[in-house]
Amino acid sequence: MSELTHFDEEGASRMVDVGGKEVTSRTAIAESFVTMQPETQKLILDRQISKGDVLEIARIAGIMAAKKTAELIPLCHPLGINSVSLDFEPRNETTIRVKSTVKVDGKTGVEMEALTAVSIAALTIYDMCKAVDRAMSLGPTRLLEKSGGKSGHYKREAN
């Protein structure tokens, strides 16, 4: 296991110095799940929720969240993100998978941006549908894959 880089020798929090790192192309892919009543999913997919097109609003929320990650998570570096995409896939009659892909050419990775994107998109789905289904649940939320940078390629084992 590697050392925790967000703490100095005395244990004080710090933002990691990435000044000496090389700029590389980096990608991160994350996913989350929203589980709901079958009737709720049907309303979402049929665009019948009174607040609007749930998945398109969740997509915009996820993109906005990825761009604001450094404002939300104290020790994240602000990044000039190249792209953010969010996709939604019904997995069965009660579950929608939210998947994000974030890309940057930078000195640090975009895992937190990808995780933030799916988290906020899932929360947006909940917010827009809570009037019809307060029992919805979110998660698991997890990193699926990342590439670029010194630590190399990571891909989650299938489970």
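Tutor: A nonpolar core is a set of buried Ala, Val, Leu, Ile, Met, Phe, Trp, Tyr and Cys residues joined through side-chain atoms within 4.5 Å. Buried means under 20% relative accessible area, exposed over 50%, and partly exposed in between (1.4 Å probe, protein chains only). The model is predicted: local features need pLDDT of at least 70, side-chain atom pairs count only at pLDDT 80 or more, and totals for chains, interfaces and linings use all residues. Residues are numbered from 1 along each chain as its sequence is written, and side-chain values use heavy atoms, without hydrogens and water.

The largest nonpolar core has 29 residues. Ile44, Val54, Phe88, Val98 and Ile125 touch the most other members. At least two core residues come from each of β1 (24-35), α2 (54-67), β2 (83-90), β3 (95-106) and α4 (111-129). Helices (H or I, at least four residues) and strands (E, at least two) are DSSP runs, numbered from the N terminus. The most comes from α4, with nine residues. Leaving aside residues up to four places away in sequence, Ile44 touches Met36, Ile49, Val54, Leu55, Ile96, Ile125 and Cys129. Contact here means heavy atoms within 4.5 Å.

Now the charged pairs. A salt bridge is a side-chain nitrogen of Lys or Arg within 4 Å of a carboxyl oxygen of Asp or Glu. The whole structure has nine. Arg47 pairs with Asp53 (2.6 Å, N to O). Arg47 is exposed, at 56% relative accessible area; Asp53 is partly exposed, at 23%. Glu56 pairs with Arg59 (2.8 Å, N to O). These two sit three residues apart in helix α2, so about one helical turn separates Glu56 and Arg59.
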